[in-house]
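Welcome, and thanks for taking a look at this one with us. Here is a short briefing to read alongside the sequence and the model.

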Amino acid sequence: MSTSLEQAREELRRRQGAGARYDSENAPARELAWARTGTAYFARKLNELTDEELYGPSLLPGWTRAHLVAHVGYNARALTRLCEWARTGVETPMYASTTQRNTEIDRGATLPARALRNLFAHAEVHLNVEWRDLTDEQWDHEVRTAQGRTVPARETAWMRAREVWVHAVDLDNAGSFRDFPPDLLDELLADVIRAWARREEKADLVLAPTDRDRKVTVGEGTGPTITGTTADLVRWLTGRGARRLTSSTGELPEIPRWF
């Protein structure tokens with residue numbers, strides 16, 4: 001017999017007991033769900049790799065898969081620091097500096113395979129603990145990202161979702177944007193356009209997803225129309241290559257970087 005989602009949640013809470021942690025009512029449920037399913041997706045792609053394959057190239061130029069796993073693990077720790085900042089009121093930046101961040105990743109990439117896998121797993125658990133310790137009010141406390149943006153703590157859920165899903169593809173182990181939830185793809189597309197707008201980047205084009213009933217105008221909208229599935233458009237917009245896309249001018253335009 002099927003049960004409603006709420007009934008299933010209540011049954012889970014009963015089994016876990018009074019000491020279990022849960023997200024507050026004001027938590028960003030959609031983004032947290034993306035982050036957690038994305039973490040599971042990244043973990044699956046990671047676990048399919050042998051220890052030897054971890055030190056092979058990723059899809060990111062100059063980075064091995066070990067660099068990528070270290071980055072994703074240390075990113076969870078950095079977001080944990082932002083949650084601690086929101087919870088305690090004590091300023092705790094993501095990183096001491098860009099140099100410190102890059103050095104940390106480079107050193108992490110030299111760790112033994114078992115240590116890398118443990119870094120990813122333990123950092124993810126710690127971040128979830130911090131998320132579940134945030135109160136309704138604390139989710140709206142302002143923190144500052146590594147890029148210098150002031151955002152509410154709830155932004156950390158989206159930052160993590162974006163990180164784990166896209167970097168799962170970067171592992172170059174058959175991860176695909178076509179595996180992403182449809183609403184996550186829509187948000188990633190919007191995120192790229194927001195990033196361009198924040199930096200006042202020039203872009204002029206029309207995006208025409210074949211699996212959606214609307215077009216997205218970027219800039220004046222007088223540039224070429226780019227047609228393809230939302231997954232293929234997002235792959236291109238995030239700098240992961242162009243596949244199965246067509247342009248009204250016969251060639252794809254140059255676009256600004258995402259990050």
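A residue counts as buried when its relative accessible area is under 20%, as exposed when that area is over 50%, and as partly exposed in between. Please keep in mind that this is a predicted model. T92, at 19% relative accessibility, therefore counts as buried.

**The chain as a whole**

- The chain holds 8 helices and 6 strands.
- Read from the N terminus, these elements follow the order α-α-α-α-α-β-β-α-α-β-β-β-α-β.
- A compact globule of 259 residues would have a radius of gyration near 18 Å, and the chain, at 20 Å, agrees with that.
- Along the principal axes, the C-alpha atoms fill a box of roughly 60 × 45 × 45 Å.
- Buried residues make up 44% of the 259 in the chain.
- Among contacts with a separation of 6 or more, 61% join residues 24 or more positions apart.
- About 13,500 Å² of the chain is accessible surface, and carbon and sulfur atoms account for 49% of it.

**The largest pocket**

- What volume does the largest pocket have? Its volume is about 950 Å³.
- The lining of this pocket consists of 36 residues, and those nearest its centre are H71, R101, Q147, E163 and F259.
- Four helices each supply at least two lining residues: α3 (65-88), α4 (98-108), α6 (155-170) and α8 (230-237).
- Which element gives the largest share of the lining? That share comes from α6, with 6 residues.
- By residue class, the lining divides into 18 nonpolar, 10 polar and 8 charged residues.

**Helix α8, a covered element**

- Besides supplying part of the pocket lining, α8 is mostly covered, with 8 of its 8 residues buried.
- The buried residues are T230, A231, D232, L233, V234, R235, W236 and L237.
- What do these buried residues pack against? Their partners are α7 (182-198), β3 (205-209) and β5 (225-228).
- After α8 comes G239, with a positive phi near 80°.

- Is T50 buried, partly exposed or exposed? T50 is partly exposed, since its relative accessible area is 40%.
- T50 and A27 are separated by 23 residues in sequence, and their C-alpha atoms are 36 Å apart.
- L54, in contrast to T50, is buried, because its relative accessible area is 0%.
- Leaving out residues up to four places away in sequence, L54 touches L46, L49, T64, R65, A66, V69, A113 and R117.
- From L54 to W34 there are 20 residues along the sequence and 25 Å in space, C-alpha to C-alpha.
- W63 touches P57, S58, L68, H71 and I105, again not counting residues up to four places away; of these, H71 is also one of the residues nearest the centre of the largest pocket.
- W63 and L119 lie 56 residues apart along the chain, with 18 Å between their C-alpha atoms.

**T92, between α3 and α4**

- T92, the buried residue from the opening, is in the loop between α3 and α4.
- Which residues does T92 contact beyond its neighbours within four places in sequence? They are R81, L82, E84 and W85.
- The C-alpha atoms of T92 and V143 are 8.6 Å apart, while the two residues are 51 apart in sequence.

- Most residues other than glycine have a negative phi.
- D172 is not a glycine, yet it has a positive phi of about 55°.
- D172 belongs to the loop between α6 and α7, and it counts as partly exposed because its relative accessibility is 40%.
- R244 also has a positive phi, near 60°, in a residue other than glycine.
- The position of R244 is in the loop between α8 and β6 (246-247).

Definitions and conventions:
Residues numbered from 1 in each chain as written. Predicted model: local features only at pLDDT ≥ 70, side-chain atom pairs only at ≥ 80, totals over all residues. Heavy atoms only, no water. 1 Å grid on protein atoms, 1.4 Å probe; cavity = no way out; pocket = protein on both sides within 12 Å on 5 of 7 lines; lining within 4 Å. Points joined across faces, edges and corners; volume = space filled by probe spheres on them. Nonpolar A, V, L, I, M, F, W, Y, C, P; charged D, E, K, R; others polar. Rg over C-alpha atoms; globule rule 2.2 N^0.38 Å. Buried < 20%, exposed > 50% of the residue type's maximum accessible area, 1.4 Å probe, protein only. Contact = heavy atoms within 4.5 Å. Areas by Shrake-Rupley, 256 points an atom, 1.4 Å probe, with all protein chains shown as cover.
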